[in-house]
Structures are given as C-alpha cells and as structure tokens.
Amino acid sequence: MKEEYIQVFTATERREDAEKIAKAVVEKRLAGCIQILGPITSIYWWKRGVERAEEFLLFIKSKKELYEELEKTIKEMHPYETPEIIAIPIVTEE
C-alpha cells in the first residue's frame with residue numbers, strides 16, 4: 001500500500017510557541033520535518049472586527065494516517081483559543 005503524505009499548516013504568535021510545538025511533534029514522530037517561517041503578517045476577522053498580527057507559520061510534513069494524533073497534539077499545546085490547522089494532501093508519483 002502506498003503511503004499518503006500531507007502538509008499541515010498552523011501559525012502561532014510567538015516563535016517560542018512554534019518551536020515548542022515543532023519539537024514535541026517531531027519527538028513524537030508525528031512529522032518528519034517542520035519548517036518555521038516568519039514573522040509573517042496575518043489579517044483576519046476575529047469576534048467583532050478585523051485583526052492584524054505578526055505570526056510564525058509552521059509547515060509540517062507528515063503522513064495522513066498520523067493526522068488525528070498530530071491535530072490533537074497541536075491543539076493541546078497551541079496557545080490560541082481556536083488554532084487554525086489546515087491539512088492538504090501531497091501528490092507524489094508512484
């Protein structure tokens with residue numbers, strides 16, 4: 001059976017939080033590699049209006065079969081009330 005890979009994205013306000021999440025996820029073997037990009041500027045709607053924030057974006061390379069545990073780990077460690085966690089498939093040739 002061919003393994004299915006995914007790219008997962010999440011962002012944090014502080015580099016320290018991004019590094020803490022990345023270290024834990026890799027140590028748990030839920031990802032093979034995580035890259036942290038930033039600071040980036042995010043503009044978004046939150047509660048009553050438009051917000052602007054500098055954030056650090058995590059690019060997480062993982063396997064589809066690990067997603068549930070990966071998402072759980074990110075949510076447990078993430079400082080945001082509602083962290084954005086997006087997963088997309090990686091297309092590879094056989």
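In what order do the 4 strands of the open sheet stand? The order is S2-S3-S1-S4, with antiparallel pairing. Strands here are DSSP E runs of at least two residues, helices are H or I runs of at least four, and both are numbered from the N terminus; two strands pair if DSSP finds at least two bridges between them. Strand S2 (33-46) and S4 sit at the edges, each pairing on one side only. On average, neighbouring strands of this sheet are turned by 30° against each other, direction ignored.

A word on what you're looking at: this is a predicted model, where local features need pLDDT of at least 70 and side-chain atom pairs count only at pLDDT 80 or more, while totals for chains, interfaces and linings use all residues. Residues are numbered from 1 along each chain as its sequence is written, and side-chain values use heavy atoms, with hydrogens and water left out.

Now zoom in on strand S1 (residues 5-12). With S3 it pairs in the antiparallel sense over 8 bridges, and Gln7 has Lys61 as its bridge partner there. On the S4 side (residues 86-90), 5 bridges join the two strands; Val8 is partnered by Ala87 and Phe9 by Ile86. Because 7 of its 8 residues are buried, S1 is largely enclosed by the rest of the structure. Buried means under 20% relative accessible area, exposed over 50%, and partly exposed in between (1.4 Å probe, protein chains only).

Val50, in strand S3 (residues 49-63), counts as exposed because its relative accessibility is 60%.

Definitions and conventions. Axes fitted to C-alpha atoms, helices over the stretch in contact; angles between N-to-C directions.
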